[in-house]
Structures are given as structure tokens and as C-alpha cells.
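Open the model in your viewer and keep the sequence beside it. The stops below say what to select and what is there.

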Amino acid sequence: MRATSTTACGNDMNGPFRKLLSAKIHRATVTAADVDYEGSVTIPPELLEAAGILPYESVHLWNITRGTRLETYAITGLHGSSDICANGAAAHLVQPGDRVILASYTWVAEERVSEHRPKLIFVNESNRITHAGPEIPGPQRRSTAEGF
């Protein structure tokens, strides 16, 4: 992709960019689904901070349990909670107990691609962080001694 943007300093930045994974919260457990809420996915602030995902940032939600995928935005849950709540229309595709992956993307200038490192956060069934990246490529598996 060729994109043009202007920095805060007013300098034009022209050149190719690549859409790369920015952050991932791996295998979170959905604790609630509320179709009557206006939209989004509620994520504890500790997980948002660890992953570097901002409130209202676009996130992809991939449902490991059901195989559904959707895009929404993150909203901050309560400090110290383990709540992952699918809100609004997402609640039709995600139910309590489902395991999900939450991911965000960023555009990286072609010349910076080799430097890019996404923040990869792995959680247990209680949505508590067990460790941070890197990923193990399939078909290999992380051993339980490694925290997964």
C-alpha cells in the first residue's frame, strides 16, 4: 500500500506501508455478552495496558470456540476485574465461556518492518496474564512448563 500522511511537524511521509499485527491477547475467556449494550468489547485495563491497546481502538475478535470473527472497538473494564464482555451485535456471535483472541493492527513504514515487534499477551482461563510473546509457530506447541 502507498499511503500519505502528515506528521505533527508538518512533514509529508510518502512511501509504502504494511499492515502488521500490533497487539494480541491470546485465548481470553468471555465472561459476559450483552446484546442490549451499544457496542464494543469490554477488556480489563491491565490487559489493555499490557497489550498496548487503547480505549476505543479498533480490535478484531476471533472466537476460537465458534469460529466467528468480528471487528469492534475496545472499552475499558474495571480495574482488577477479569471481565471480557462482548457488547451489542457482537453478543450474537460470542457467548460467556467462549475462548477468543483479541487483536489490533498498525501501519508500519516499509523501511521499519524489520524492527516491528507486536505485543503478544497470553492469558489463562481466568484472563490473568501468564506470559508475553513471542508466539510458537504451528504445528509446534508451547509446553505447560512455559506457561500455556
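**Stop 1: a salt bridge to start**

Select Glu115 and Arg112, whose side chains form a salt bridge with N and O 2.9 Å apart. A salt bridge here is a side-chain nitrogen of Lys or Arg within 4 Å of a carboxyl oxygen of Asp or Glu. Glu115 is partly exposed at 48% relative accessibility, and Arg112 is partly exposed at 48% as well. Buried means under 20% relative accessible area, exposed over 50%, and partly exposed in between (1.4 Å probe, protein chains only).

This is a predicted model, in which local features need pLDDT of at least 70, side-chain atom pairs count only at pLDDT 80 or more, and totals for chains, interfaces and linings use all residues. Residues are numbered from 1 along each chain as its sequence is written, and side-chain values use heavy atoms, with hydrogens and water left out.

**Stop 2: other salt bridges**

The whole structure has four salt bridges. Select Lys24 and Glu135 for another of them, with the closest N and O atoms 2.3 Å apart. Lys24 is in strand E2 and Glu135 in the segment after strand E10 (129-132), so the pair ties together parts 111 residues apart in sequence. Strands (E, at least two residues) and helices (H or I, at least four) are DSSP runs, numbered from the N terminus. Is Lys24 buried or exposed? At 7% relative accessibility, Lys24 is buried, while Glu135 is partly exposed at 40%.

Next select Arg66 and Asp98, a salt bridge of 2.5 Å from N to O. Arg66 sits in the loop between E5 and E6, and Asp98 in the loop between strand E7 (85-87) and E8, 32 residues apart. Arg66 is partly exposed at 47% relative accessibility; Asp98, at 3%, is buried.

**Stop 3: the cores**

A nonpolar core is a set of buried Ala, Val, Leu, Ile, Met, Phe, Trp, Tyr and Cys residues joined through side-chain atoms within 4.5 Å. The largest one has 22 residues, and Ile25, Ile43, Ile53, Ile84 and Leu102 have the most contacts inside it. Among the elements that each supply at least two residues of this core are helix H1 (45-51) and strand E8 (99-109). A second, separate core of six residues includes Leu21, Trp62, Ala103 and Phe122.

Now centre on Ile43. Beyond four places in sequence, its contacts (heavy atoms within 4.5 Å) include Leu48, Ala74 and Asp83.

**Stop 4: confidence**

Colour by pLDDT, the predictor's confidence in each residue, from 0 to 100. The chain's mean is 89, and 88% of its residues reach 70 or more. Over residues 1-12, pLDDT stays under 50.
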